[in-house]
Protein chains: 4
Amino acid sequence: MTDNYTPRPEHHFTFGLWTVGNQGRDPFGHEVRPPLDPAESVRRLAALGAYGVNLHDNDLVPHGSTPSERETILKRFRTALDETGMQVPMATTNLFSLPIFKEGAFTANDPQVRRFAVRKTLDSIDLGAELGAHVYVMWGGREGVEADAAKDVRAALDRYKEAVDLCCEYIRERGYDLRIALEPKPNEPRGDMFLPTVGHALAFINELEWPGMVGLNPEFAHETMSGLSFTHAVAQTMWHDKLFHIDLNAQRIGKYDQDFRFGSEGIRDAFYLVRLLEDSGWDGMRHFDAHAYRTEDADGVWDFALGCMRTYLILKEKVERMREDAEIQDALRVAQADRLAEPTGTLAEVRAASFDEAALAAQGYGNERLDQLVTELLLGVR
Amino acid sequence: MTDNYTPRPEHHFTFGLWTVGNQGRDPFGHEVRPPLDPAESVRRLAALGAYGVNLHDNDLVPHGSTPSERETILKRFRTALDETGMQVPMATTNLFSLPIFKEGAFTANDPQVRRFAVRKTLDSIDLGAELGAHVYVMWGGREGVEADAAKDVRAALDRYKEAVDLCCEYIRERGYDLRIALEPKPNEPRGDMFLPTVGHALAFINELEWPGMVGLNPEFAHETMSGLSFTHAVAQTMWHDKLFHIDLNAQRIGKYDQDFRFGSEGIRDAFYLVRLLEDSGWDGMRHFDAHAYRTEDADGVWDFALGCMRTYLILKEKVERMREDAEIQDALRVAQADRLAEPTGTLAEVRAASFDEAALAAQGYGNERLDQLVTELLLGVR
Amino acid sequence: MTDNYTPRPEHHFTFGLWTVGNQGRDPFGHEVRPPLDPAESVRRLAALGAYGVNLHDNDLVPHGSTPSERETILKRFRTALDETGMQVPMATTNLFSLPIFKEGAFTANDPQVRRFAVRKTLDSIDLGAELGAHVYVMWGGREGVEADAAKDVRAALDRYKEAVDLCCEYIRERGYDLRIALEPKPNEPRGDMFLPTVGHALAFINELEWPGMVGLNPEFAHETMSGLSFTHAVAQTMWHDKLFHIDLNAQRIGKYDQDFRFGSEGIRDAFYLVRLLEDSGWDGMRHFDAHAYRTEDADGVWDFALGCMRTYLILKEKVERMREDAEIQDALRVAQADRLAEPTGTLAEVRAASFDEAALAAQGYGNERLDQLVTELLLGVR
Amino acid sequence: MTDNYTPRPEHHFTFGLWTVGNQGRDPFGHEVRPPLDPAESVRRLAALGAYGVNLHDNDLVPHGSTPSERETILKRFRTALDETGMQVPMATTNLFSLPIFKEGAFTANDPQVRRFAVRKTLDSIDLGAELGAHVYVMWGGREGVEADAAKDVRAALDRYKEAVDLCCEYIRERGYDLRIALEPKPNEPRGDMFLPTVGHALAFINELEWPGMVGLNPEFAHETMSGLSFTHAVAQTMWHDKLFHIDLNAQRIGKYDQDFRFGSEGIRDAFYLVRLLEDSGWDGMRHFDAHAYRTEDADGVWDFALGCMRTYLILKEKVERMREDAEIQDALRVAQADRLAEPTGTLAEVRAASFDEAALAAQGYGNERLDQLVTELLLGVR
């Protein structure tokens, strides 16, 4: 049974293997779901209408696999891709699970750990390229510190830059058609992590050797943990031409990293995000980095995956309706929303301007009405 | 009576006129302290050992003053400066109190409001230059939104850039020796503010016409509100060579903007910040942007001001002791803190490296011992 | 023009005089809207379909009014009530604006301040009773501390109890038909406030002289500031039979007290709250303790007020639809939601039970499907 | 080598087996430390000066052990206790790790899961009593919900009460000298947990069958996650005579559950807590529910444990110094801290009182000076 919100490959929905494959382990509890075969994930997601899957190196090829094991695994995985037409638009490296990374990866104090991390990433870049990925995500899960004395942040940024530069150099050397997308996060699993927000990562890129090769993969949950507006973060990322990828999920402010189903928390925030992506003509993937509640068995995982995509499509329809809603458009005019595109003027114009200060102070912007209209649009009663 | 922690002008402590002049008004209560004459603030702060005072235009010259009123006020203020030797190293503009700015200032939807905001800033730049300021702070108190539909964030950033570029152009035209320092804040008084963190502002600067003229004024409370590490933020700012000024105070995570006395909350965070400033040879001001509790009468204001400075000096002494503490230095070696300065190496070196993965995974970093030693240093028992 | 969501008096919507009368002052800005005559508020709210208005003593009668001034004001106000049929179901005291309360009111260290606070409350209770209120709200806006050394929390709770007991004694002495509702809040304007959550206040009531006279007035924004579930808080309040009144608005976690229009943030949270109130047959007021954005002129205030009520009615309709939605009801069965009402059993039954642990561990609860169905109900696509 | 801060058994420091036994697993990473034999933990902690160890049933006896395996394990453990003189003052049940509890334990929708949870607790109570524990802690790690529709909070509280009542009945039936201590937590691992704060749990106790048998085990990290003052929470718990046990650690507001070394974050908060415990003559355990950073090897665990205890003792010494510090005592008088113990008076006295409102409004409380003096005491410079 299909409706207007049935996902199709042209919607460009993707999932990480680690998302549907999440077994429900958490800091206080063991796995509740059996491991999921990556090929099975590919087939199930294809059946639901997804466009592709993304992966960490070890989601597919366990750490320590021999070359021939790797080959066998890849062959099996490719078969599933070929059968379903599913793509692998993005790949990334697991630099956080192994004990070797407990003190950091690209910014570990021990240079050998750093070398190990960079080399694992290079291998993983090969894997991504081999699978056809065009975006390489870097999430610095262990790049941070609890005991501040142990880490010189400026030196850590030097090392972070060095590692990203090395990866860029490698990509260039190999001639891969691959861009890097940094994924910021404020904390968890480290007390404080480097490049904690979209802003910090955008600034960092400017110091790199090949800044044009590097952009961002902002994640809904990660900005939201800090109470920052994710939509504003993505908008600023676009303003810098640095939106290379995006991670969609849901999260409550000031809590552990929840990675809930997209739209399950923060409906209004999710709506404005979809509006930004759709209105700006974002032509990249709609990637979900989330997982099913621990209450779920294997079936619940596919309910979860379908729900992510359906909510996106429902919100997308509302974006279109918002454009055509005469009353909302009128409220936008009252709010003078369109006038923000008008330049303020030259220095001479500014100095020459005269002001009716009282009138400017008295005018209202009708934001309550506007916001209420949007709320009613979201609630489906207009 | 003096001790080792008695402030002196060479410590470069400064206060805003609005800090000691804060009358204790808050969202739920009226003023509890009488207005404070700026000249009196200058004299009292000088007597306490401060280096200078900073100001918003309207802290000194009320909005709407005539040129002759302005002149009278300035003369009186200069007299106090001259008598005491106090400096005005930084100036800024009040773009948030007047009703005209209720929808924004540099990013108001109405272009006339934006022109008014820029012109008010230009006048205020003149005032700052006249008083000898070399840093011009820009805090966008009203640059933000509650009803997201009302504001296109990318257009807002265009306008923000335009306004800062205009101010830079003006400073260049006038030949002022003045640099601009942007002050990020995540929220309050707006629901979400633009340039919410140090990172977002650092990234923004790269898009400006004269990026070299613009840096940051990070504030302890503002980063801390979002749960981000202020010390990391300042370190990254330094890494980009963009620390132009700094606002010191105290704040609890996830609460209203508290602007408490420096060091009164977050002692450990305050210590690492002082360590960063002192170890990096920061030669700028130690500016306090805080105010006395509402429980205080006029005397409490000076207790507050003295306390800010004393705590800084106490922490500074601890920074020096940390350098000389053999056990801490040993713990830093165990943590391999110094090895973060060693380059990771070239691509060839990384690819050629061999690893004893088990040994690297097994090694401990002694961060518990290190952190405990620093805690005991802070508590004054070593 | 009316629709299904047009408020009517039987919906029992009420507003504080201070909510529509809010002039847009905030910590960083002056008033942007003119004062609003309480009689005008009554008439405008009546015209919108509200049931009544609530007030602080000084919302209506300025502090320091003479008895005859009080009489004149009251007469004028009563005329508006009589003309419109509007009620005053709740009254409260302003124990936070005056400088005298800067260190506390019921828990001020100075006994004279405490006496002043209690007496102001007694006078205000008279006013409330005179206007027909049956609920007396107590929000301890200044009951808290920043410098912990200054306040013994246990002694503060003794004094808090003493003050509430005195007010109960007075109500009994006067024979008023009035119950007291405590309103918890975690912080702002004090660094930490006493009775910070619904739970703390519920526990406190058990130590009072007349616990049956005292219940709660939980506020959406206040619990949400701490990241706690407001719906859970209200449910526990009901579980203790202590829901005497309720304050509806909207708030983002971990931010300043925003008091936004009901439903403008946290749509899902607002829905579950309305569901709880409606499903439990709550027969009290739906009181809005919120205010218009500072961007609004006088008209925006009424858009704000209407929006609060409309969103409640829209959500109420969804509650009814949820009861009749067969798929949602099926998902609730899969989640075993109804089985939570079944007792666990006696000690003997528990000890005698045998378990198929593997089967119990394997079963799924279908919460992803359930939650998605509710999301789609909220979005109006089912 | 010993100093004034060397822990000794009479200080009543205890650790959970799960704290020193923590292997450094987190949501993003595998174990980094080998399992620790409980008997080894007992011996190492004894050598450091601890008084005892506490445990979950499965910390000592793995789930599914046969009676004879249980006996062997217990014998070995008792030997270590006997050799060292270490006590087991508290025991608790693991109701969160097993997949069977994924939807809840005492408040699971499925009655069979609830019976399983209660029976596991009864067995665990036997174990605790056998080992000499006098406090039984109940932390409802899985009592909560993500998809609010799935759980009726009032029914959940009914079931929660039923389960605690059953346990009390069992303790009475067996004649154990054991009191129950509820441990509140706001979230993690569930989206929202029941009894989220100290206040909610205190209120809940009043509805139990044997409220005198049940009190609290407040945890520093759990209250702090919500931004609430832990010291205030403990003070209110004492005010209700319900402090039965306490969990000490460190945590930053609004982040994942960190369980850091006591005093490593929030030094000032830790100080006021120690002051409350010491000044009130708390004669229970000082239990640490924390664990070593993931950066640590096995040695770091003992650095961690020692650090917890040392910081407590250092702060305790400062509490004593605060009592004798004449300047601080003078500042407390200026703050009128002692006058909070004076009753406000009778209704007649309050009504008869006359006020010099202006003088009361004008007086200052010297909280800035007071707080600064305490800060300098903490920093060891007075």
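The model is a predicted one.

From H2(D), the residues that take part in the contact are Pro38(D), Ala39(D), Val42(D), Arg43(D) and Ala46(D). They meet Arg76(D), Phe77(D), Ala80(D), Leu81(D), Glu83(D) and Thr84(D) of H4(D). By class, the contact of H2(D) with H4(D) consists of seven nonpolar residues, one polar and three charged.

Chain D also touches chain A. Here 34 residues of chain D are in contact with 34 residues of chain A. The two chains bury about 3,400 Å² between them, with 53% of that area on carbon and sulfur atoms. On the side of chain D, the residues that lose the most area to chain A are Arg25(D), Phe28(D) and Tyr256(D), which together make up 22% of what that side buries.

Four salt bridges are found between chain D and chain A. In a salt bridge between Arg142(A) and Asp26(D), the N to O distance is 2.8 Å. Residue pairs in polar contact between chain D and chain A, with both residues at pLDDT 80 or more, number 20. The side of chain D that touches chain A is made up of 14 charged, twelve nonpolar and eight polar residues.

The interface of chain B with chain A comes next. It brings 101 residues of chain B into contact with 102 residues of chain A. The buried area between these chains is about 8,800 Å², and carbon and sulfur atoms give 60% of it. In chain B, Trp239(B), Leu340(B) and Leu347(B) lose the most area to chain A, together 10% of what that side buries.

Between chain B and chain A there are four salt bridges. Arg339(A) and Asp110(B) form a salt bridge, with their closest N and O atoms 4.0 Å apart. Several helices of chain B each supply at least two residues to the side that touches chain A, among them H5 (111-130), H6 (153-174) and H10 (267-279). H6(B) gives the most, with 13 residues. By class, this side of chain B has 51 nonpolar, 28 charged and 22 polar residues.

Notes:
Residues are numbered from 1 along each chain as its sequence is written. Chains are lettered from A and ligands numbered from 1 in the order in which they are written. This is a predicted model: local features need pLDDT of at least 70, side-chain atom pairs count only at pLDDT 80 or more; totals for chains, interfaces and linings use all residues. Side-chain values use heavy atoms; hydrogens and water are left out. Contact means heavy atoms within 4.5 Å. Buried area is the accessible area (1.4 Å probe) that two parts lose on being put together, summed over both. A salt bridge is a side-chain nitrogen of Lys or Arg within 4 Å of a carboxyl oxygen of Asp or Glu. A polar contact is a pair of N or O atoms within 3.5 Å; within protein, one must be able to donate a hydrogen and the other to accept it, and residues adjacent in sequence count only if both atoms are side-chain atoms. Ala, Val, Leu, Ile, Met, Phe, Trp, Tyr, Cys and Pro count as nonpolar, Asp, Glu, Lys and Arg as charged, and the others, Gly among them, as polar. Helices (H or I, at least four residues) and strands (E, at least two) are DSSP runs, numbered from the N terminus.
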